[in-house]
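User: Could you walk me through a few local features of this one? I'd like to start with the backbone and then move on.

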Amino acid sequence: MSKITYFDKREIHRHRIAADIAEKPAARTVAGAVSARRRSCARQGGGMNRLDHLRAALAALDRAHLRRVRRDNEQPCSPRVLIGGKACIAFCSNDYLGLAGEPRLAEALAEGARRWGAGAGASHLVSGHYTVQRDLEQRLAAFTGRERALVFPAGFMANCGIVPALAGRGDAIFADRLNHASLIDGMLLSRAGAHRYPHLDLAALERLLAASEAPTKLIVSDAVFSMDGDVAPLRELMALARRFDAWLLIDDAHGFGVLGPRGRGALAEAGLPGNEAESWRLIQVGTLSKAAGVAGAFVAGAEEVIEWLMQKTRTYIFTTGSPPALAHALLASLDLIAAGDARRAHLARLIDRLASGLAQKRWRLLPSRTPIQPLIVGDNAAALALAATLMDEGLWVPAIRPPTVPAGSARLRISLSAAHTLDEVDRLAETLNRLEDTL
Ligand SMILES: Cc1ncc(COP(=O)(O)O)c(C=O)c1O
């Protein structure tokens with residue numbers, strides 16, 4: 001059995017607490033649930049071994065409707081999927097431009113593999129860095145209008161490593177409460193003081209910054225929030241970073257390829273960095289696994305900042321470089337993104353169509369102008385039941401529950417892709433409208 005990490009334990013603990021709260025009306029608060037669990041563990045004494053504890057924790061996940069399952073898709077990534085032989089329309093992926101299954105990218109990947117082989121052989125700083133990866137970094141820097149970029153094997157690894165490379169013990173990190181798990185875990189790894197401000201609450205952020213005497217301050221935010229679809233006030237965050245002498249790390253995982261001129265992302269849409277004074281404060285992350293349709297991530301910014309990150313980011317240094325063939329495919333993906341205005345225009349039509357098609361009596365569509373369109377249901381079991389009914393109807397929309405989203409805000413995360421048709425979106429809206437009346 002693989003080793004259980006600190007983070008696994010934390011996750012299991014969170015689930016146990018959530019399960020206890022769901023299960024025992026007396027344990028309505030987290031503190032109550034924690035002490036109830038301590039008492040019950042003490043009662044159980046040494047009778048349970050570590051495996052029994054895991055079994056009990058898994059059963060608790062089931063009771064709280066928090067167990068996650070995977071579905072094995074029999075088709076390449078596209079809105080048209082085949083699950084256990086059943087054809088469905090999927091509204092789940094982050095493949096916003098429909099590039100993941102694009103034949104030209106598959107061909108580029110095959111061509112890349114023929115040219116570069118399968119693997120990198122070592123970490124980038126040892127011998128696993130290739131000219132095609134250098135070219136990709138240069139293209140990403142030019143595309144985002146930054147001095148330099150550094151490519152990572154995954155967005156999670158980028159965020160988890162970059163945050164601790166920028167701030168450490170004695171420093172202070174200021175993070176939106178709804179930031180992605182990778183930014184949260186990076187913050188915990190850094191050992192810096194963690195200050196989480198209410199979602200998008202700039203006044204709260206300003207108060208926290210004003211009260212901080214930390215030598216290094218780092219503001220961290222998603223650009224497009226992954227489970228809510230709304231966009232952070234990027235210009236205002238930049239102004240606060242300047243005023244309080246802070247770094248600003250923006251994760252544009254869900255805006256890159258989708259927003260801004262030629263899909264250059266949420267920052268470009270906000271005119272950042274543009275001619276902004278002290279643009280070196282702004283460090284941007286983008287993923288290459290979502291709209292770009294392949295895999296990986298990049299960080300872009302000022303030359304010295306990226307050099308520092310290359311020297312100090314442990315998740316960059318201590319891992320094998322990603323296969324160079326991916327960089328070859330990603331160069332083709334950047335071409336498709338830059339030339340993708342028609343895909344983005346179609347996506348915008350789909351977003352409008354969904355919003356105008358949904359009647360929304362019981363469930364609430366969050367205000368979002370991005371392809372992430374969350375429908376708030378509230379209760380975990382109700383969100384799961386709705387997702388299961390949709391699946392029976394041949395519509396695959398994931399139910400997102402805590403801890404991914406705050407308790408009581410379980411939702412369907414509807415995500416749209418330029419590969420959807422208007423008819424498919426109509427079918428989803430009509431089905432949801434009917435279920436609101438009948439379920
Ligand atoms: C906001 C955000 N950042 C980072 C990541 C991680 O990116 P990757 O899937 O490339 O690891 C995700 C993934 O869903 C995300 O939503």
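Analyst: Let me start with Pro403, which sits in the loop between strand E13 (399–400) and strand E14 (410–415); the model is a predicted one, and in it a cis peptide bond joins Pro402 and Pro403, with omega about 5 degrees.

User: Ok, phi next: what is the phi of Asp245?

Analyst: Asp245 has a positive phi near 55 degrees, although Asp245 is a residue other than glycine, and its place is the loop between helix H9 (234–243) and strand E7 (246–251).

User: Is Asp245 buried or exposed?

Analyst: Asp245 counts as exposed because 12 other C-beta atoms lie within 10 Å, and the cut-off for exposed is 12 or fewer.

User: Switching topic, which helices do the buried residues of H13 pack against?

Analyst: They pack against helix H4 (103–116) and helix H5 (131–144); 11 of the 15 residues of H13 are buried, so H13 is largely enclosed by the rest of the structure, and among those buried are His328, Ser333 and Ile337.

User: Last one, which residues come nearest to the ligand?

Analyst: Of the 14 residues around the ligand, Ala154, Gly155, His180, Ser226 and Ala253 come nearest, while helix H6 (residues 155–166) gives the largest share of the shell, three residues. By class, that shell has four nonpolar, eight polar and two charged residues.

Notes: Residues numbered from 1 in each chain as written. Predicted model: local features only at pLDDT ≥ 70, side-chain atom pairs only at ≥ 80, totals over all residues. Buried ≥ 20, exposed ≤ 12 C-beta atoms within 10 Å, placed from the backbone. Helix = DSSP H or I, 4+ residues; strand = E, 2+ residues; numbered from the N terminus. Contact = placed C-beta atoms within 7 Å. Near = placed C-beta within 6 Å. Nonpolar A, V, L, I, M, F, W, Y, C, P; charged D, E, K, R; others polar.
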